[in-house]
Protein chains: 2
Amino acid sequence: MVVMLNLDMILKVTWLVTTVGFAVLLSDYLRLRQQQCTEDTTGRPSNLPDRDHVQQGSSVWCYGDNNTNRTCKFSNLCFSPQYQQFVFFHGEQTVTHGTHNRFQPALVDLSSVPDHNTQYFQYVDLPASALTDFKKVKIYPGTSLIFNRFNPDNLMHVFHDDLLPIYSTLRQITASDFGPFNLNSRLVIMEGWRPGEFIDLYQMFSTEDPIFKQDLLDSGELACFTNAYVGLSKATTWYQYGFKVPQGPKENITVTGMEIRQFTDFVYVRLGIENTGLTETKYIVLFSRRLNRFIVNEVDVTIALAREFDMRVITLSMESHTVPQQIAVIRQASMLIGMHGSFLTLEMFLPPGAVVVELFPYAVNPEHYAPYRTLASLPGMELTYAAWRNTEQQNTITHPDNPWDLGGIAHLDPAEQDAILRSIEVPRHLCCRNPEWLFRIYQDTVVDIPSFLKTVNTAMKDAEANKQGTCGTSTCEEHYEKIYPGQIVDVTCQTVRLSDGHVGLQLSWQPPWNLQYLNAKDTGYEVWIQEQGKASYMPWILPFTSHVFSEGIEAGLDYNVWVRCIVNGTVVGPFADAVQCVLKVHEPQK
Amino acid sequence: MVVMLNLDMILKVTWLVTTVGFAVLLSDYLRLRQQQCTEDTTGRPSNLPDRDHVQQGSSVWCYGDNNTNRTCKFSNLCFSPQYQQFVFFHGEQTVTHGTHNRFQPALVDLSSVPDHNTQYFQYVDLPASALTDFKKVKIYPGTSLIFNRFNPDNLMHVFHDDLLPIYSTLRQITASDFGPFNLNSRLVIMEGWRPGEFIDLYQMFSTEDPIFKQDLLDSGELACFTNAYVGLSKATTWYQYGFKVPQGPKENITVTGMEIRQFTDFVYVRLGIENTGLTETKYIVLFSRRLNRFIVNEVDVTIALAREFDMRVITLSMESHTVPQQIAVIRQASMLIGMHGSFLTLEMFLPPGAVVVELFPYAVNPEHYAPYRTLASLPGMELTYAAWRNTEQQNTITHPDNPWDLGGIAHLDPAEQDAILRSIEVPRHLCCRNPEWLFRIYQDTVVDIPSFLKTVNTAMKDAEANKQGTCGTSTCEEHYEKIYPGQIVDVTCQTVRLSDGHVGLQLSWQPPWNLQYLNAKDTGYEVWIQEQGKASYMPWILPFTSHVFSEGIEAGLDYNVWVRCIVNGTVVGPFADAVQCVLKVHEPQK
């Protein structure tokens, strides 16, 4: 512990000076440390919580109606290694809010992948008195985030299902006086897999080591988490894997490029990713798969790219580069090219304005497998995405004799095999064992250079056009974070006599006070005028802040008026409170 | 600041010893302090956040679909005294989650009273660059709870709308290693009223003074709250005041007596409420209203009660006792009696087993005005409630000439006045200006002693009976906090040949492991058996953990089986995972 080391240093130095000074100093220092960090902060106490803390009872607060939209915070949530279940102790201080329907089918999802039956979180109820039957209790103080990794061996799953959701969840939990993200919370990883090759990426969220389910099982003690959040935010995910309907972008995507880039900035800092030292200002990254789904003529492709665009082509692979090394290179690249595969998740580290080209084997429709297309197209990502597809059967190399999970089809009926071989496009299908999909996606491809270069050229031109039309990430936040005009103010209404003898209703108001700060190219006002007692109203759209209304207006009647501001045609502010206008016509004095 | 004082002490002591020692020490100490309290805690920093912290942008995370079920947490939420509006700065670190429909009609309610148009919270958007136009920025670090008091002059509103919801909200926010409630957060009270006579009650939640809207207006500076929660939990409320439908218990009450008593225990500690020193083990509290709605013969009632029950009768009033004094007396009372009125909220401080008798003036139906009946009847409160109603018109004293808000009706049409005077019961009505209701509730009453004593006697007998049937608050948590049986385990199925030659399906399982800790007077198992491929299933309820099923069972078919445990007839545990049973009949070897 850093603190203790430092204390030792002080003690040593002071000891050299005088033992009297030391004695006074130590007691003062200890008192000070205790006061400061128990009275003045809400963090870790000097007296760690103990069994008595749990004895008061567990508590849970959940929001949401079902396991998939729910999020839960717990006090004193425990895990029993013996029963391999979470345990909730009902005691004097127990609160349970929002846990209705907790068995239909579960309280909350442990993963950002929604409603998957391997990801259900449940707990078992016990009275607090039962705590005495647990001989050993280990308390985990501070804040813990308890979750499942969905597929920790696949980079797309790691980033999409876990890392971004962990980042988003912990930002919400840990935002504090220190800044938007605090590294003090603890990851508790419960899916039960081994740490895996990407565990370093998970470790960037905390200065503490993650706890794995196996650690809890090995300890044999009841593990109690003082302050535990269960499950991951689904706010940053953009893709669904086809468990219930064929895979595709998820409905109601809320994540923006701005949020993705907050995450990537965090990654640069936490992984210590510096400039690569590359001297080129522009270069292309080509990702090379070394195990399967090859670009057979990868060298030819590399040479063709370098010639065509007069840029260096840097080849990356999982076997030759660590993820941080890959990120460092991608961070400054102009273009990223690769066969469909999880590596392409790293496109999120491309600089704004860059190009992504994804290659697809024969008979695989790029529109149907779009996690990287969707990511690149998020508002604010400012990437240009293009797909290239092998349309020539003679350029594909199939592997019918592979194991089934690498696309082999030898185990199938001959008729079924034949149907797959004759099919020219994999029909849409559910996850995860469709043999035709696996057969096609594990093909190797001889890339047809002319058609490929055409795709890349078009993408580069699109990227140039996009750059002209955008304003650069630093200055055009309003494109993807809606900044709304506020309420209009100072509405006045008065009756005017029109030249044709009719009465008019003159309305005036002042613009919202924040309008001056909005990048408003176009400001309009929507006005609703309702005769009192009527259900219907007349809606108007005006470019002014003052107008005389005469259509449908009659002297002697009362009207309710609502006005709101609309910026750039689509950003609609709130209505101001209704104003009552009484249309009294004063006849001129005689 | 405590820390600085202590630091000064250290410096002084050390200075006396040696200047060399001091120099080393100070730098070490400062480094240590910074590391410890920025890295090791999540509370207040040594370096308070400043304008740069806000410049990074505000963030908001909300759960819920509309203003009434939503709850929001903010980083860097600011308030502009000039515009009297909250301000949200869109900057580099801005996140906005769950703010959809924020103008329909508002983001979130500032009060626990749902969807009241005086309680709407909104903010105005600004780009972070606009921060430079605010000359002075005052940062409020740490955790702030921003809310409106609904009616801070009325004790029922104070407890029901504010104090209990604040307690519930802050428990969720502040539960930590230190215990279930932390006093470090700050109340920011925004309804704009003066502090009021009950402000001491609000101060029990924090060691910091509350901030009022007027404080923010007076300062003239942009006020920015580093970590702000907006609005109050509605989880503890039990009553709706009749804004949309006539008043009554709210739908879907979730609060239990257990949670109310967690709050009252908190109040005892925080208000320093000790034993009263009263020597009586049993006494009756009679609440005396001193301004209106009098019990005209209060002295007679007091004497009659004392004689009938041979107990001391203690009279309390708002004018003669502070709220803590009243609570101290009520905390040990056997019975609480009072005319309908906000004082009766204090019944929550009665000990379990006590009796509440609420009196109603002539023509007021006790069933229609039930905040205190509902509170007393919450599961786990263990109070016995009775209403007494004046049914004799000659025993009521009306005040037709009062101001309208104290029940006067002189301002009404004579026909309307006449109708009110002839009515024998106030019809159900909406809040808040029904003249017949106000007329009747501000009557004084001569209590008919015999009928009143009959009501009280019945209530006392009911309370005795209730005590026999219950088990005391400390041991019967399961009555109001449902402790569910877990999943059954070790399901096995096997085929058996029945004596009649048919086949049977023998199912066995083990009870949930937590069953031994449940106060299970009766344990049953629900078994669903489904022939594979069929949509329908056969449900069974059994008292055993093993059974041979034969009805509808056929050899050679496969069945899916689900089993769950049901305790005491109504507490239904989760189903265990489905088990597949294959009914193979092995003919005996020949």
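Q: Is the link of B:Cys431 and B:Cys432 right-handed or left-handed?
A: In this predicted model, B:Cys431 and B:Cys432 form a disulfide with their sulfur atoms 1.8 Å apart. The angle about the S-S bond is 105°. With that angle, the link of B:Cys431 and B:Cys432 is right-handed.

Q: What is the relative accessible area of B:Cys431?
A: Partly exposed residues lie between the buried limit of under 20% and the exposed limit of over 50%. B:Cys432 counts as partly exposed at 43%. B:Cys431 is also partly exposed, with a relative accessible area of 33%.

Q: Which handedness does the disulfide of B:Cys493 and B:Cys581 have?
A: A disulfide joins B:Cys493 to B:Cys581, with 2.2 Å from S to S. The torsion about the S-S bond is about -110°, so this disulfide is left-handed.

Q: How many residues apart are B:Cys493 and B:Cys581?
A: B:Cys493 lies in strand β21 (residues 489–497) of chain B, and B:Cys581 lies in strand β28 (residues 579–582) of chain B. The pair links distant parts of the chain, and the separation is 88 residues.

Q: Is B:Cys581 buried or exposed?
A: Buried means under 20% relative accessible area. B:Cys493, at 26%, is partly exposed. B:Cys581 has a relative accessible area of 1%, so B:Cys581 is buried.

Q: Which strand of chain A holds A:Cys72?
A: A:Cys62 and A:Cys72 form a disulfide, with their sulfur atoms 2.0 Å apart. The two cysteines are 10 residues apart, and A:Cys62 is in strand β1 (residues 59–63). A:Cys72 is in strand β2 (residues 71–80).

Q: Which strands stand at the edges of the open sheet in chain A?
A: Three strands form this sheet in the order β21-β22-β25, and the pairing is antiparallel. Each edge strand has a single partner strand, so one side of each is left without a neighbour in the sheet. The edge strands are β21 (489–497) and β25 (546–549).

Q: What is the bridge partner of A:Leu505 in β25(A)?
A: Strand β22 (residues 503–510) of chain A runs antiparallel to β25(A), and four bridges join them. In β25(A), A:Leu505 has as its bridge partner A:Phe549.

Methods. Residues are numbered from 1 along each chain as its sequence is written. Chains are lettered from A and ligands numbered from 1 in the order in which they are written. This is a predicted model: local features need pLDDT of at least 70, side-chain atom pairs count only at pLDDT 80 or more; totals for chains, interfaces and linings use all residues. Side-chain values use heavy atoms; hydrogens and water are left out. Two strands pair if DSSP finds at least two bridges between them. A disulfide is a pair of cysteine sulfur atoms within 2.5 Å. Buried means under 20% relative accessible area, exposed over 50%, partly exposed in between (1.4 Å probe, protein chains only).
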